Amino acid sequence: MIDLQEQKERVICVGVSTMDMDDTQASLDELEELAETAGAVVLEKIIQNREQIHPGTYLGKGKIEEVRERIHALGATGVVCDDELSPAQMKNLEMLLDTKVMDRTLVILDIFAGRASTREGKIQVELAQLRYRAARLVGLRESLSRLGGGIGTRGPGETKLETDRRVIHDRISSLKKELEEVKRHRETTRKSRERSRIPVIAIVGYTNAGKSTLLNALTGASILAEDKLFATLDPTTRNLVLPTGEEVLLTDTVGFIRKLPHHLIEAFRSTLEEAKYADVILHVVDASNPQMDIQMQVVYDTLKDLEIKDKPILTVFNKQDRVEGALRLVDYRADDTLGISARTGQGLEELQIMLGNILRNQKIYVERLYPYTEAGKVQILRRYGQLMSEEYRDDGIYVVGYIPAEYFGKL
């Protein structure tokens with residue numbers, strides 16, 4: 001009987017450390033997790049210490065020979081590099097190692113291709129893949145004959161790699177038009193939200209920090225939440241009523257990761273910009289991860305790249321049920337911090353109270369008596385603000401509440 005089961009790729013992960021005490025080891029550990037998420041088996045991890053990455057071959061001559069020997073000794077079918085390779089680096093390295101060479105970007109794109117489920121997600125991933133591959137047609141063409149499957153062959157597919165640049169660029173133009181149409185629809189939805197004046201809270205964080213689990217716990221949603229990288233790609237928005245009685249919209253966004261491919265940032269910009277138009281940023285951190293501080297920095301760097309600034313930020317240190325001992329909850333860039341466990345429910349009531357307080361601080365307190373001839377102003381408060389109490393008296397309507405600053409003049 002012939003076994004038709006797809007054979008897993010057996011790879012060696014390699015990285016270059018250019019300075020002492022950098023995070024190359026942690027980055028390579030993450031690359032191992034990415035490769036395994038993409039369906040490969042990691043046989044070994046190798047780091048080379050160099051003053052800088054070799055411009056032509058990524059690794060130095062001696063290290064290339066070492067990797068080549070390990071490929072044959074371990075029976076590896078490919079090598080995964082921890083940085084995005086130039087077309088020349090990829091071509092030269094494949095020739096010298098005589099094996100399939102992939103980089104971090106290709107692996108991440110492959111994971112995204114396998115996870116995208118909505119039309120928008122599929123368009124964004126294919127667009128990012130084609131932009132990546134268009135620059136590498138020459139380098140990849142030689143290795144196409146042995147690309148029988150595995151990492152880098154999902155999404156647009158092998159046939160597109162065999163077409164010329166003109167066809168790929170035509171496809172890119174077509175996808176960009178489709179994405180613009182989706183973007184217009186997203187902007188229409190966003191404007192509708194703005195008219196309704198329902199506050200939007202964007203959930204951001206490093207991949208696998210527990211964003212989807214938190215959204216499920218708060219809203220009762222049933223979106224996929226797994227303990228793995230990039231479990232969900234497509235943004236999900238759900239309603240939540242805070243203890244104050246105020247209704248808000250919680251929007252989950254795609255997880256960030258170090259060295260996030262710029263092709264993906266560009267393709268997913270319209271999705272990621274949900275955070276740009278939010279009233280509050282809810283930053284979810286995996287408190288059980290030893291690389292927590294570095295992951296937080298990656299999130300803030302990505303927000304900066306997306307020009308998201310001047311937003312109130314509440315940082316929640318998630319997965320407290322996995323933390324051993326006391327943990328200092330420190331984030332100097334956040335307006336407030338809180339320790340929670342989305343899985344067990346620890347701290348979720350306090351989280352909702354804190355979100356309500358942050359939103360309330362963005363509004364102006366109103367306490368006054370309106371004559372019945374100005375009852376329409378009470379309706380403005382009821383529609384656009386938060387009416388805490390109202391009392392009908394002989395001389396008018398006495399109200400207490402909060403109103404967004406832009407509507408205060410109408411009262």
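Me: Which residues line the second largest cavity?
Reply: That cavity is lined by F112, V254, G255, F256, L260, L264, I265, F268 and L272. A cavity here is a set of points, on a 1 Å grid over the protein atoms alone, where a 1.4 Å probe fits but cannot get out, and lining residues have an atom within 4 Å of a point. Keep in mind that this is a predicted model, where local features need pLDDT of at least 70 and side-chain atom pairs count only at pLDDT 80 or more, while totals for chains, interfaces and linings use all residues. Residues are numbered from 1 along each chain as its sequence is written, and side-chain values use heavy atoms, with hydrogens and water left out.

Me: What volume does the second largest cavity have?
Reply: About 40 Å³. The volume is the space filled by probe spheres set on the grid points, which are joined across faces, edges and corners.

Me: And how many cavities of 30 Å³ or more are there?
Reply: The count comes to 4.

Me: Switching to cysteines. How many disulfides does a search of the whole structure find?
Reply: The search finds 0, where a disulfide is a pair of cysteine sulfur atoms within 2.5 Å. C13, for instance, is in no disulfide, and the nearest cysteine sulfur, that of C81, is 9.2 Å away.

Me: Is C13 buried or exposed?
Reply: Buried, at 0% relative accessibility. C81 is buried too, with a relative accessible area of 0%. Buried means under 20% relative accessible area, exposed over 50%, and partly exposed in between (1.4 Å probe, protein chains only).

Me: OK, sheets. What is the strand order in the open sheet of 4 strands?
Reply: The order is β2-β1-β3-β4, with parallel pairing. Strands (E, at least two residues) and helices (H or I, at least four) are DSSP runs, numbered from the N terminus. Two strands pair if DSSP finds at least two bridges between them.

Me: Which strands stand at the edges there?
Reply: β2 and β4 do, each with a single partner strand, so one side of each is left without a neighbour in the sheet. Neighbouring strands of this sheet are turned by 25 degrees against each other on average, direction ignored. For that, axes are lines fitted to C-alpha atoms (for helices, over the stretch in contact), and angles run from 0 to 180 degrees between N-to-C directions.

Me: How many bridges do β3 and β4 pair over?
Reply: Strand β3 (residues 78-81) pairs with β4 in the parallel sense over 4 bridges. V79 has V101 in β4 as its bridge partner.

Me: What about the open sheet of 3 strands, what order does that have?
Reply: That one reads β11-β13-β12, with antiparallel pairing. Its edges are β11 and β12, each with a single partner strand, so one side of each has no neighbour in the sheet. The twist averages 10 degrees from one strand to the next.

Me: How many residues of β13 are buried?
Reply: 9 of the 9 residues of β13 (residues 396-404) are buried, so the strand is largely enclosed by the rest of the structure. Strand β11 (residues 363-370) joins β13 through 8 bridges, one of them pairing R368 with V399. Strand β12 (residues 386-393) joins β13 through 7 bridges, and a hairpin links β12 to β13 through 2 residues. R393 stands opposite G396 in β13, and L387 has G401 as its bridge partner.

Me: Last topic, phi. What phi does Y58 have?
Reply: A positive one, about 70 degrees, although Y58 is not a glycine. Most residues other than glycine have a negative phi. Y58 sits in the loop between β2 (41-49) and α2 (61-74) and counts as buried at 1% relative accessibility.

Me: And D98, buried or exposed?
Reply: Exposed, with a relative accessible area of 55%. D98 lies in the loop between α3 (87-97) and β4 (100-103), and its phi is positive as well, near 55 degrees.

How values were computed:
1 Å grid on protein atoms, 1.4 Å probe; cavity = no way out; pocket = protein on both sides within 12 Å on 5 of 7 lines; lining within 4 Å.
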